[in-house]
Amino acid sequence: MELISKPNLEALTGRTYSDAEFEVIDLMTTDTIRGEVGDRISDPPQPGIASVALGMAARVLVNAAGISSEQAGGMLISYFASQIGQAMSSDERRRLRRSVGLASGASSLDIAPADTAPSMSVWRVL
């Protein structure tokens, strides 16, 4: 299953990638996405997944180390959180999870085992 293609990535970023660079980008992007939704991605991928993958892939080599800012002499460069490595933004996570049918927001479902709940005693004065 292919989430991103080299020609699409090159068209989006306006640069060419060696096969080795593309392999790293593809691996990091696919691994991050699979870490979020597991094997729920169909072949071909559900609508919305390719755009999330392509957006993430475009960032991988821009700032793969995840640096938030860097300085050389009097020049300071700061990166937005959306420009940091292969990290997934909350919007991308929500879109990705929705695409594969997973809940994308908070819910009231309590998944903790029953024995971890705090014990409580109610006392009433007679």
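What you're looking at is a predicted model, where local features need pLDDT of at least 70 and side-chain atom pairs count only at pLDDT 80 or more, while totals for chains, interfaces and linings use all residues. Residues are numbered from 1 along each chain as its sequence is written, and side-chain values use heavy atoms, with hydrogens and water left out.

Let's start with the overall layout. The chain has four helices and two strands; helices (H or I, at least four residues) and strands (E, at least two) are DSSP runs, numbered from the N terminus. Of the 126 residues, 26% count as buried, meaning under 20% relative accessible area with a 1.4 Å probe, protein chains only. The accessible surface comes to about 8,700 Å², and 55% of that belongs to carbon and sulfur atoms; such areas come from the Shrake-Rupley method with a 1.4 Å probe.

Now for the helix pairs. Two packed helices are described by the angle between their axes and the distance between the axes. Axes are lines fitted to C-alpha atoms, for helices over the stretch in contact, and angles run from 0 to 180 degrees between N-to-C directions.

| Helix pair | Angle | Axis distance |
|---|---|---|
| α2 and α4 | about 65 degrees | 10 Å |
| α3 and α4 | about 145 degrees | 9 Å |

Which residues make the contact of α3 with α4? On α3 they are I49, S51, V52, G55, M56 and R59, and on α4 they are E92, R95, L96 and S99. Contact here means heavy atoms within 4.5 Å. By class, this contact has four nonpolar, three polar and three charged residues.

Over at the other pair, α2 (residues 19–37) meets α4 (residues 90–99). I33, E36 and V37 of α2 touch R93, L96 and R97 of α4. Those residues divide into three nonpolar, no polar and three charged.

Finally, take a look at R59, which sits in helix α3 (residues 49–60). Is R59 buried or exposed? R59 is buried, because its relative accessible area is 12%. The side chain of R59 also joins that of E92 through a polar contact of 3.0 Å. A polar contact is a pair of N or O atoms within 3.5 Å; within protein, one must be able to donate a hydrogen and the other to accept it, and residues adjacent in sequence count only if both atoms are side-chain atoms.

How values were computed
Nonpolar A, V, L, I, M, F, W, Y, C, P; charged D, E, K, R; others polar. Buried < 20%, exposed > 50% of the residue type's maximum accessible area, 1.4 Å probe, protein only.
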